[in-house]
Amino acid sequence: MRRRTKPPGEGSDFPMSSNPEDIKPAEPVHESTRETPERETGAAFSGSDLYAGVPFEDVLQCVHCGLCLDACPTYRTLGAEQDSPRGRLYLMRGLWEGDLSADDAVTAPLSRCLDCRACETACPSGVPYGQLLEKTRGVLARHRKPGLGTRLFRDLPLDLLPAHTNRLIWFSRLMRLYRKLGLAALIARSPLSHLLPKRLVHAHRLLPNFSGRSFKKRHADKVFAPLHDRLPVRRVGLFTGCVMDVADNDIHEAVLHLLRVAGCEVVIPAGQTCCGALQVHAGTRAAPRALAKRNYAAFAEDSLSAVIVDAAGCGAQLKEYHHLFSDAPADTDPKWREGERWHRFGAMVCDILDFLAGIKGFVAANRWNDAPLRLIYDAPCHLVHAQRIDAGPRALLASLPGVELVVPSLANQCCGAAGIYNVQHRELAESVLEAKLDDLTRTLETQPEATVLVTANPGCLFQLRHGVAKRGLPLRVLHPAVLLTERLLPERA
Amino acid sequence: MALDPRVRKKLIRVLGSDYVKDDPITCYSYRCDGLTLHPAEPQAVLYPADRDQLVAAVRILSEQGISFLPRGAGTGLSGGAVPREGSVLIEMVRFRAIGPIDPVNRTIEVEPGVVNLHVSHAAQPHGLYFVPDPSSQKACSVGGNVGENSGGPHTLKYGVTVNHVVGLEVVLPDGEVVELGGPAWTTPGPDLLSLFIGSEGTLGIVTKIICRLTPLPERVHTMLAVFGSVREACESVSAIIRAGIVPAALEMIDRIVIQAIEQTIGAGFPTDAEAVLIVELEDLREGLDAEAEQIETILRANGAVDVRQAADEAERALIWRARKEAFGALGSISPSFYTQDGVIPRSALPRVLERILAIGAAHGLTIANVFHAGDGNLHPLILYNSRDPAEIEATHQAGREILETCLAEGGSLSGEHGIGLEKSHLMDGAFDEVSLNHMKQVRAVFNPRELLNPGKIFPQPGRCGELKGRPGDAAAQLRAKSGIRV
């Protein structure tokens, strides 16, 4: 054993004296393990009240093995147990069993979760983490009023906008004008930005390209015929969502076109609305249930073989309405409460990439530009972890003529967008994004020919656009549907 | 109980206020590691960033006589990172530096918070890897591996962590920093490096690890043998070893675990089989096929109804994922289970497994088995309901009987999970008082006041009768006599 340093001012090697009396045993620093934590205020609720009517037994599936830890972006960033999936499940269980009270201290780590669900992929016990977290956030929201900032920046916009197409159009027009006038750029870059709330300034960097018009309204209730007859015909519905209905319209247009060259007859029901995911992630339960019913009715047409979604987050939500209704109030009509109807609906929901990958001969039936392209793939969390869709989209993109697909080592890890998390928890989201950008930078070192990065979820798209601009990476960030359409050659006359 | 405000102030001065936490939620979150049966809250959790911060924090705690212990990813199964006496927990997760790698001497320097699997990822471009592969390798820390002397399926051929670490930098409980071993392949004198590896965080806190790397095998061949009985599977294990073949791994999974795996992971294991054996061969390209054929013959001669070969890396990865995540998969069929880690001589496998099933039946408990058959390291998993106090008591009793069975067969209490607080009360059944006293004296040389990770490994007073004299006294006398300078 070699000595490296010696404690300053110590003569002997050990804090030990020859007199045994000096060697005091460690003071009993902790009388006993606390059985029940202090309930701080009368406003706190006990477990049974908290989770009344909410099925939560699945939390017991967690065996505390910790295999999820390294999959969790917040644990990797913060390194604290309570910011890991295992730690959060332990807190949720503590709340459920009445061991913990619903106060700010327990709410904070639960609200710091990105809900990316990478832990579900890592979990050997099959713990339905996302569902448990969303229910817990619902439970907490029921009993605790969020702060003014959260109400102003999160809850109010979520209440006012997503479910109302006309308001969305007006909002989109305003935002478009705002950008055209150069105000957005001014706020994002000028010294003025130092005077404004950081969250607000940061939001400017994440803005979508608002178009000022609704894709759904323009195409509602028309029937789009297949563009050729080389593939079997099927009738599908296209889900348009909220923000994506009035922004970055090239994505929906691309998807519509791809479906038509995939042999589909496409309808865009006017009655559809936002999927409710952003509200569900924030802990709102009642309002999104109403949205679910509207979407169910809009796509109820018997002849539809699939509901096509081009936003991974919306796809995951549409497939999981049964969870949302599992804790619906007791007076809810049983036909909505029981899972079967939602399982049937969920089975029809299909991500555009997964759908195209499943159409035999889709690539062969069309003509493609075969110019060499090195393409970097990013897997949105709600595609790969929540919907467990991974191999299909990769295979589809890799099978395009001229395309060489590059999958970075962190392709399946969160970019920090997580819906509106990147506005809510700016600093943490930026740290999570940094890890992703480091990985992209390393990828570009070995694959300098790569020019395009694709990601199949709007939130991730805006976040990565911001990240790529911030880091100055020479990459175009596209939705894969837009890339596919770019590569598609027109039908011969 | 929160920290003394003066101590907190001192610690904050050293670590920064974000990295000294003693709020109730933090303390609650750190009540247990992979062992949930004996939760105990720390009085605070510290998150030092580097060695100097750690040394400063350790000095403050040591001066105040406050006990403390390190924690990595908290995946340990023997409660090694449970703060039994409300000690201060030192979270080592910020010690994340990896490298430099020395491909010529085949070593890599890592900090203790690095995830086990990341070491192999870093070494892979050089055609090397870090052998210890505990089932938790995608999450557990290398520091924890050193503390527990972790194994994994491939210990059969390659040995455990102690065989794959050549040097350590350690902070002793009084804040002194020492280096043990080093990049050279051997150091003279008593092997203190080996003494520290597997000491379960009772001798010092590791701050740097020089890992030995191993060339990736030229070829790997993985087989899955299906059996109609556990006994036949066990007998095949002995037959393979008797034939003079040392597979890289030889793992057994029984019917209950197979069914859990198929429910969650879906590895395509036959759910009607009573047991499957995973046999993995690693070697030079030449001769591997002949060895595989020989093993297949042995397996079939011992009753295997089917022997499948992994066709490619994807199939192999799926088999291993199923094996490594088997513990977790049980969560889908039982909310709680208690994992044992006894070791027995290989030849006793059939009879001990029958005895384990009998113990389970006698207590009305289901016991599943998934374990390292090749080296006789059992992992009986006792399934229980954590809300039934009678069943918890029966589980403890059954666990104790299983380990007593192992000891009676000439085996030991733990293969790789450590003694921790979980099995400390059984140590007096495994060792006589003289041996235990010697071990305590060794601990006292480095950890004289038992400030570091108290209440672990050795039986607690009151449970097995207090040992005479203070171990610290004996160590002081011993040191005075021998003139040992550490």
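Predicted model: local features only at pLDDT ≥ 70, side-chain atom pairs only at ≥ 80, totals over all residues.
Reader: Let's start with chain A. How many helices and strands does chain A have, and what share of its residues count as buried?

Author: Happy to begin there. Chain A contains 26 helices and 10 strands. Among contacts in chain A with a separation of 6 or more, 78% are between residues 24 or more positions apart. Of its 493 residues, the share that count as buried is 56%.

Reader: Are helices α15 and α19 of chain A parallel, antiparallel, perpendicular or oblique to each other?

Author: Helix α15 spans residues 286–298 and helix α19 spans residues 339–348, and their axes lie 11 Å apart. The packing angle is about 60 degrees. Angles under 35 degrees count as roughly parallel, and 65 to 115 as roughly perpendicular. The relation of α15(A) to α19(A) is therefore oblique.

Reader: What is the handedness of that crossing of α15(A) and α19(A), and which residues make the contact?

Author: The crossing of α15(A) and α19(A) is left-handed. On the α15(A) side the contact uses A:Ala292, A:Lys293, A:Asn295 and A:Tyr296. By class, the contact has four nonpolar, one polar and three charged residues. The partners on α19(A) are A:Arg341, A:Trp342, A:Arg344 and A:Phe345.

Reader: Staying in helix α15 of chain A, is A:Arg289 buried or exposed?

Author: A:Arg289 sits in helix α15 of chain A. Setting aside neighbours within four places in sequence, A:Arg289 contacts A:Leu324, A:Phe325, A:Asp327, A:Ala328 and A:Pro329. Its relative accessible area is 9%, and the cut-off for buried is under 20%. So A:Arg289 is buried.

Reader: How many Å apart in space are A:Arg289 and A:Cys275?

Author: In sequence, A:Arg289 and A:Cys275 are 14 residues apart. From C-alpha to C-alpha, the distance in space is 9.3 Å.

Reader: Now to chain B. What does the UniProt record annotate on residues 38–216 of chain B, and how far apart are the end C-alpha atoms of that span?

Author: The unreviewed UniProt entry annotates residues 38–216 of chain B as "domain: FAD-binding PCMH-type". In the model this span is 21% helix and 25% strand. Its end C-alpha atoms lie apart by 40 Å.

Reader: How are helices α1 and α3 of chain B oriented, parallel or antiparallel?

Author: Helix α1 covers residues 5–15 and helix α3 covers residues 51–64, with axes 9 Å apart and an angle of about 165 degrees. Angles over 145 degrees count as roughly antiparallel. That angle therefore makes the orientation of α1(B) to α3(B) roughly antiparallel.

Reader: Which residues of α1(B) and α3(B) meet, and what are their classes?

Author: The crossing of α1(B) and α3(B) is right-handed. From α1(B) come B:Val7, B:Lys10, B:Leu11, B:Val14 and B:Leu15, while α3(B) brings B:Gln53, B:Ala56, B:Ala57, B:Ile60, B:Leu61 and B:Gln64. By class, this contact has eight nonpolar, two polar and one charged residues.

Reader: Are α13(B) and α14(B) parallel or antiparallel, and which residues make their contact?

Author: Helix α13 (residues 349–362) and helix α14 (residues 389–408) of chain B pack at about 160 degrees, with axes 10 Å apart. With over 145 degrees as the cut-off, α13(B) is therefore roughly antiparallel to α14(B). The contact has five nonpolar, one polar and two charged residues. They are B:Val352, B:Arg355, B:Ile356 and B:Ile359 of α13(B), with B:Ala398, B:Glu401, B:Ile402 and B:Thr405 of α14(B).

Reader: Where is B:Asn369 found, and is B:Asn369 buried or exposed?

Author: B:Asn369 belongs to strand β17 of chain B, residues 366–372. Beyond four places in sequence, B:Asn369 touches several residues, including B:Met252, B:Ile356 and B:His379. Its relative accessibility is 3%, so B:Asn369 counts as buried.

Reader: What is the phi of B:Asn149, and is B:Asn149 buried or exposed?

Author: B:Asn149 lies in the loop between α5 (142–148) and α6 (155–158) of chain B. Its phi is positive, near 50 degrees, in a residue other than glycine. Relative accessibility is 19%, and with under 20% as the cut-off B:Asn149 therefore counts as buried.

Reader: Finally, is the peptide bond from B:Gly99 to B:Pro100 cis or trans?

Author: B:Pro100 is placed in strand β5 of chain B, residues 98–102. Omega for the bond from B:Gly99 to B:Pro100 is near 5 degrees, and the bond is cis.

Definitions and conventions
Residues numbered from 1 in each chain as written. Chains lettered and ligands numbered in written order. Heavy atoms only, no water. UniProt positions renumbered as here; feature names shortened; annotations may be inferred. Helix = DSSP H or I, 4+ residues; strand = E, 2+ residues; numbered from the N terminus. Buried < 20%, exposed > 50% of the residue type's maximum accessible area, 1.4 Å probe, protein only. Contact = heavy atoms within 4.5 Å. Axes fitted to C-alpha atoms, helices over the stretch in contact; angles between N-to-C directions. Left-handed = near helix turned anticlockwise from the far one by under 90°. Nonpolar A, V, L, I, M, F, W, Y, C, P; charged D, E, K, R; others polar.
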